[in-house]
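Please look over the sequence and the model shown here before reading the report.

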Amino acid sequence: MSHYSGQLINLLAAVLLLLSFAMLGQRRILSLINLFMAQGAVLCASTATVALVTGQKHLYWSALITLVLKVLLLPWILHRLIRRLNVKWDIETLFNIPTTMLIGIVLVIFSFNLALPISELAGTVSRSTVGIAMASVMLSFLMMITRSKAVPQVIGFLAMENGLFFAATSATYGMPMVVELGIALDVLVGMVILGVFFFQIREQFDSLDIRHLEQLKED
Amino acid sequence: MEFFLVLGFPLLGGMVLALTGHTRRAAEYNAFFSLCTLIAASVLTLHIVNHGPQMFFEEQFLVDPLNVFLVALTALVGFTTSLFSRPYMRIEHDRGHLSVGRLRLYHSMFQMFMFTMMLALTTNNMGILWVAMEAATLTTVLLVSLYRTTASLEAAWKYFILCGVGIAQALFGTILLYFAAEKLLGHEGGALLWSHLNAVKGSLEPTVMSLAFVFLLVGYGTKVGLVPLHNWLPDAHAEGPTPVSAVLSGLLLNVALYAVVRCKVLADGALHSNLAGLLMMGFGLVSVVVAAFFLSRQKDIKRMFAYSSIEHMGIVTFAFGMGGPVASFGGLLHMTVHSLTKSAIFFAVGHATQKSGTQLMEHIRGLIKLSPTVGWGLMLGTLAILGMPPFGVFASEFLILTTAMKQQPWATPFLLIALGVAFAAIFGKVQPMVFGESSLPRLPHKPAMLPVFLHLALVLLLGLWIPPYLAGWYQQAARFIG
Amino acid sequence: MHSIDWLLLLITAWLLIGLAGLIAQRNLAWVGKTLYPLGVLVGLALAGVALMAIDNKPEALVLPLGLPDLPFHLRLDALSAMFLVLLGGTAAGISIFASGYLRKGEGTAPGLQSLEYHIFLASMALVLLADDAYAFMVAWESMALSSFFLVTSDHRKPEIRHAGYLYLLIAHVGAISILLCFGVLQSSAGMGATNGVADYTFAHMRATGHDAFWGSAAFGLALFGFGAKAGLLPLHVWLPEAHPAAPSPVSAMMSGVMLKTAIYGVLRVSFDLLHQPLWWWGVAVLALGLLSALFGAIFSAVQSDMKRLLAYSSIENIGLLFVGIGLALTFQSFGMITLTALALTAVLYHCLNHAAFKSLLFLCTGSVLHATRERSLGKLGGLIHPMPWVAWLALLGVIASAGLPPLNGFVSEWLLLQAFLFSPGLPHSYINMLIPVAAAAVALTAALAGYVMVKFFAIVFLGQPREDTISQQAHDAGWLERIGLSWLAALCVLLGVLPVTVIERLDFVVRALLGAGDYTTPGDAAHSGDWLLLAPISADRASYEPLVLLLMISAVVVATFAIVRRFWHGRVRRSAAWDCGFALQTARMQDTAEGFSQPLRQVFEPFYRLKRELPTSFDRAPFYRVVVEDHFWYWLYLPVARCAEFGARLVAFLQRGRIAIYLLYSFLTLIVLLFLVRG
Amino acid sequence: MNLTTILLQFFALILAPVLAPLLTGWINQCRAWLQNRSAPPLLQPYYQLGKLFEKEVVLAHNASGVFRAAPYFIFAAMVLAATIIPTLSTDLPFGPAADAIALVGIFALARVFIALAGMDVGTSFGTLGARREMLVGFLAEPALLMSIFTASLISHSTSLSTIVDTLGHREFVIYPSLAFAGVAFTMVSLAENARIPVDNPTTHLELTMIHEAMILEYSGRHLALIEWAAALKMYAYSCLGLALFFPWGVPQDVTLSNLSLALAGLLFKLAIGGALLALIETLSAKMRIFRAPEFLGTAFMLAVLGMLVHLLLETGK
């Protein structure tokens with residue numbers, strides 16, 4: 001059982017990483033949201049698996065929260081947002097996509113190497129998950145750097161949160177419940193605030209291109 | 001009991017003001033709740049002084065020498081800021097910069113912010129610490145964008161994204177920390193409780209801890225405003241309402257640094273090397289030097305003092321990085337006096353900018369003529385922050401610099417240059433603002449200068465005489481930090 | 001009660017007097033006629049107590065203020081006592097002058113000014129008494145701060161603000177350097193063998209030894225820090241700006257006393273806290289001192305603002321003091337203690353002298369400024385007629401400042417030259433060769449000082465008024481001001497004619513600084529010989545009797561006068577000055593300040609940065625202007641400012657507004673740190 | 001200190017003012033001879049002084065007390081200077097009152113007073129003269145000091161009596177450093193006493209005047225005192241030069257025979273010195289005023305060189 005579940009978690013981790021890469025390369029915002037939703041689903045599945053394996057009750061709750069928040073609520077909010085705001089494409093990126101992907105691969109290697117000694121320490125079923133979690137955090141970070149529109153940037157941010165959550169649940173079998181609740185609450189509130197922001201930015205700048213937001217600087 | 005009041009009053013205040021924040025007396029309510037918090041914090045402080053460190057609520061909360069004075073300080077600055085914001089926000093409202101709804105948001109979020117600060121300070125759980133820090137970002141983001149101008153939106157957006165990303169790194173660090181502790185402390189029983197971690201820090205896995213500390217340092221360091229993670233800080237300080245700048249500089253940075261220090265204690269214990277100290281010294285020194293050079297090109301007064309905050313946080317980080325009883329003592333003292341002084345400066349700056357109707361320094365002239373109290377307040381505050389004795393900032397800089405000369409002499413030329421450049425920049429700009437001629441008429445509103453002079457008096461006191469029990473805390477805490 | 005308790009009481013009294021000024025800030029009768037005279041009494045009492053205490057054993061006191069484990073330590077030893085005498089005595093004269101000098105006017109309210117002034121006095125006294133690094137630094141910076149506010153009393157003028165800014169900036173950088181010096185001193189002995197904050201006491205520093213490197217580092221930092229306060233080259237630029245900007249009593253106080261606290265600091269650190277100097281410290285100080293002295297003299301000669309002229313002359317005198325200190329350090333490093341004592345005596349004596357005559361001269365310029373509202377030498381002249389008191393007292397100051405017998409300036413110059421003359425025999429041949437050259441430079445400086453002082457006195461007080469309005473509105477100083485001036489002038493005369501008595505007292509200081517040992521001091525000779533004869537080594541080798549000299553000159557003058565009257569007559573006829581056949585002579589044809597210094601500008605041309613605007617013969621309204629500037633400003637300060645600006649431009653790239661870039665910084669930081677930690 | 005020495009001191013005090021104009025007269029006579037002119041009488045300076053004392057003083061309207069007091073002070077300073085230089089004996093009661101450095105100080109005091117007096121009336125001539133006088137002075141004073149220092153270094157003393165004792169009564173040694181010092185001293189003396197090539201005591205041409213320009217406003221007894229003081233200065237410098245470089249024949253103990261011998265020696269040396277001065281003046285031409293700093297700078301350098309030579313060559317023994 002645990003053997004298979006370990007393999008399952010590893011598989012889910014691989015899918016998560018793949019999704020992160022896909023998000024890094026995706027230009028359409030709508031697809032980006034879908035990918036994000038898929039990532040949430042993977043996260044939910046992996047959490048549930050871990051819960052199953054370890055029998056920790058609160059991880060089911062975590063899985064549920066993930067499901068509600070990241071698979072249903074946030075994608076729904078994002079969908080509404082882009083419909084209302086009418087943004088579909090994120091045309092320009094800081095580097096072109098192939099370069100970004102190359103950097104991404106380097107990052108993954110780096111993360112794996114960093115996590116190698118940690119993974120060896122881990123006695124859990126999910127040896128390599130720390131490396132993958134770190135890699136997906138880094139990839140999301142890279143995505144935030146390269147995107148020039150507000151919405152993809154926020155999706156990057158949320159994806160980073162996903163990576164973290166994955167690290168928390170899979171690598172360590174879940175943080176204490178209070179903390180997870182707190183984190184979830186923060187993510188939710190943050191999203192709401194971001195939503196408010198989008199409208200305000202739109203109102204002020206007539207666009208969600210964050211390159212308008214470059215007025216405050218030293219010259 | 002008083003402990004829960006410390007957390008309860010601001011939370012209650014936040015809720016009450018969310019409903020009543022638009023009324024005419026909202027500012028008074030705000031001050032009232034802050035006062036209650038202050039009283040509760042004082043009582044708590046006395047309690048701790050008499051009974052020593054205490055845990056509350058199944059060890060979820062910890063009040064020890066390291067944070068008790070920060071609790072008191074936070075409550076104090078919160079209270080004085082609420083006093084200051086009363087006339088300040090009223091004028092902003094009168095001038096039509098803020099609607100009633102925004103005032104409600106402001107008052108409510110102010111109290112919520114205080115709550116998050118108190119929570120972050122008192123919690124024993126590293127996870128909750130993270131949650132509180134993130135919540136602090138969220139509350140202040142709304143405060144920074146309060147004016148809804150393009151600039152304030154931009155500042156808030158940057159603040160949100162940069163701090164959000166930063167704090168995400170801190171979460172990863174926390175997870176790694178948990179990962180390391182879990183094996184020792186078991187899955188259920190408080191592997192994230194700092195007091196437990198501290199007890200077993202010697203046997204935490206060094207490899208994991210080194211990675212965890214890097215993530216935590218980068219994460220919370222972003223909130224401290226360490227260069228090169230500082231970019232959100234000047235924008236947020238300059239564009240938010242002045243009371244918010246005051247609490248950002250005076251409280252948020254301190255609390256973030258407090259988080260870093262908590263982590264450093266663990267990392268030091270685990271790593272058996274000075275790696276954490278070296279990293280902090282490096283960040284501190286870079287921050288001091290870069291911020292000092294930033295200062296000289298500033299045009300906006302709040303932005304300038306924001307950079308000055310970066311500089312001072314750099315000094316404190318450097319001090320904690322050096323470690324040792326004297327340097328840590330100096331660092332703690334510096335946190336205290338910087339927070340008091342910087343908020344006093346922001347109060348004075350707030351009045352000054354309201355009087356002149358601009359934040360551009362070249363248009364602010366002759367404050368001493370416009371309003372002697374504001375002028376002298378700004379002048380003395382500036383001198384204090386620049387490390388002029390007999391103010392307390394000098395006392396801490398004295399300890400830090402002399403210890404640096406002893407322990408890390410290579411760093412002193414940088415500090416010397418940075419302090420010189422910072423002095424030249426800030427003083428060169430403040431002097432003509434305070435002195436000289438002004439043709440502006442006096443404002444009808446009486447400035448709330450009590451907070452300014454109260455803070456400055458405290459800073460002066462700390463420069464000449466540190467009360468023995470306060471000194472005792474500092475020393476205990478310094479021993480603690482190592 | 002011990003002396004130190006009294007002193008503390010007096011310092012507190014000064015502070016209280018200052019605070020009392022806030023009661024009625026704009027009330028001149030209260031501030032001017034009550035508080036300042038009270039301050040005078042305190043000053044006199046301070047000087048008196050310190051004078052009595054100069055031969056006492058050191059007394060210590062711990063105040064309940066300061067940092068935990070580091071309360072303020074105070075200590076009164078001979079060195080502090082001597083400088084306290086200087087402070088009290090000079091302050092008394094200046095305060096009584098200020099009491100009459102205060103007028104209603106623009107700028108800071110008199111009450112506030114009185115507060116700043118008395119804090120200034122009290123903090124200087126505390127600097128002299130402080131016995132731990134923290135107390136010293138607090139007092140030191142309070143001194144800088146209070147004097148900064150005094151300098152910018154008239155803060156409406158941008159140039160005054162600029163002067164104050166420059167002053168405080170350099171003072172602050174210097175203070176940080178001193179602080180670092182204490183950092184070295186408290187630690188370098190046993191690295192790690194420290195037990196907390198208590199190490200900052202001077203007693204601890206005295207007790208620890210320092211190796212060559214750290215000792216030199218401490219000395220260098222101290223020299224930089226104190227040099228910045230004293231106006232040692234190349235940190236002098238604030239001095240000619242701040243002194244003219246300040247109200248005259250403040251300039252007098254700063255130049256007369258505050259600069260001496262820097263000398264005190266150097267002496268304290270180099271002779272008391274660091275025991276064994278290296279020879280090259282002395283040579284470095286000597287060289288810097290000589291440069292400052294020559295530079296100050298050369299520049300004061302070409303000034304056309306009377307207070308700037310005096311300010312540069314202060315640089316010159318500070319230079320001479322450092323020459324003496326350098327000489328003393330060199331001697332001490334070679335173990336020639338007798339000569340060290342001689343040089344030190346010269347330094348201490350000159351401190352007293354400079355305090356007396358420079359304050360006197362600054363106060364005189366204050367009177368002139370009040371009477372004429374004019375600082376520019378190009379417009380003054382002939383003021384001896386409307387203001388005889390000021391003029392004649394200034395003449396005493398001028399003679400003293402020019403280092404002419406029989407007044408006080410000469411005594412210290414004489415002692416210094418003696419120290420030079422007896423120096424051969426240093427075991428280092430290069431230094432031995434350098435000493436005569438240095439002596440020559442000192443002599444040249446002294447001669448230039450004469451030139452400068454003639455220029456100062458003659459252009460301000462003699463000749464005809466260069467502007468008509470000057471003589472009409474000019475009036476002599478009031479009686480309070482006269483008392484102040486006379487007190488300082490009397491000090492000049494007394495210090496001039498009674499050197500033996502003074503040196504007897506200074507001997508305690510010298511012995512306190514040099515410790516026990518087998519050597520003789522000028523004071524020993526004074527003890528043994530008769531009280532008239534100043535013979536620091538032996539009467540065979542050098543001697544000077546100023547009182548005899550004065551009496552002889554007076555006798556010859558009286559005799560000549562009597563004889564001329566007895567044998568001839570005293571007839572005088574008044575007539576117009578002879579115009580050499582050119583009837584259109586006007587007062588404008590006298591030498592101006594620029595004209596008077598023209599030969600020097602020519603001789604020392606490379607030292608100045610000159611800007612000239614010359615008229616041509618076709619000009620309708622011929623216009624001549626010459627601006628003399630300081631090379632150091634362009635060679636040192638502007639490049640430093642440019643570097644800072646460059647640095648600022650550089651770091652500005654960190655903040656270009658793009659959030660993606662900011663995220664990238666964050667990202668890279670993370671990557672680099674991870675790499676470092678794992679690497 | 002006994003009665004004899006006190007008497008002797010007073011004798012010197014009287015002798016200096018009496019003898020000084022004679023020296024001036026002698027130099028003028030020599031000059032006239034050398035220039036093939038008919039000479040004024042040797043006692044001409046005395047006649048002039050007498051005549052000036054008789055005349056009334058004409059004061060400018062705005063002349064101040066400084067102007068009137070200065071002649072007395074200058075005269076007194078010069079008398080004093082001339083008195084403390086050991087001419088007839090090295091055992092002078094007033095000797096310890098002022099050593100060589102103080103002597104230079106006294107000269108400087110006189111110079112400051114005369115410059116101030118020159119500036120007092122406020123004519124362009126007076127200020128011009130004062131400025132030039134101070135220009136000469138500020139270079140001449142250190143040069144003089146340095147050349148005295150060379151002698152001081154040799155005798156380990158700045159006391160003039162000791163210098164004369166040491167140099168005059170020890171076994172004869174050739175000091176090369178003193179040669180440098182001597183040349184420097186001569187140059188300084190020329191400049192300080194308003195002699196060609198720096199100044200011309202007889203000119204009244206505005207382009208070249210130094211000393212004369214300063215005292216242009218003086219008349220009557222004031223002028224007499226100033227002229228007398230100038231003569232005394234000449235005398236004092238001569239005596240100083242003799243004391244430093246030709247100290248032989250000044251006795252240590254005072255007897256009548258010694259004294260008369262010394263007086264004769266002094267007169268002889270002064271006569272030779274005066275003649276040499278006249279020779280120098282005749283042989284050289286007046287320099288432009290701005291060459292004066294170079295001239296004096298050379299003197300200064302020579303004097304410093306003298307000290308260095310002393311340290312290099314004469315202490316190695």
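## Basis of the model

This is a predicted model, in which local features need pLDDT of at least 70, side-chain atom pairs count only at pLDDT 80 or more, and totals for chains, interfaces and linings use all residues. Residues are numbered from 1 along each chain as its sequence is written, while chains are lettered from A and ligands numbered from 1 in the order in which they are written.

## Helix pair in chain A

In chain A, the axes of helix α2 (residues 29-54) and helix α6 (residues 150-171) come within 10 Å and cross at roughly 10°, which makes α2(A) roughly parallel to α6(A) (angles under 35 degrees count as roughly parallel).

Helix α16 (residues 429-461) of chain C is largely enclosed by the rest of the structure, because 26 of its 33 residues are buried (20 or more other C-beta atoms within 10 Å of the residue's own, all placed from the backbone). Following α16(C) is C:Gly463, with a positive phi near 75°.

Strand β5 (residues 625-630) of chain C is hardly covered, with 0 buried residues among its 6. Strand β4 (residues 608-613) of chain C runs antiparallel to β5(C) and is joined to β5(C) by 6 bridges, and C:Tyr608 has C:Asp630 as its bridge partner in β5(C).

Methods. Axes fitted to C-alpha atoms, helices over the stretch in contact; angles between N-to-C directions. Helix = DSSP H or I, 4+ residues; strand = E, 2+ residues; numbered from the N terminus. Parallel < 35°, antiparallel > 145°, perpendicular 65-115°, else oblique. Buried ≥ 20, exposed ≤ 12 C-beta atoms within 10 Å, placed from the backbone. Pairing = 2+ DSSP bridges.
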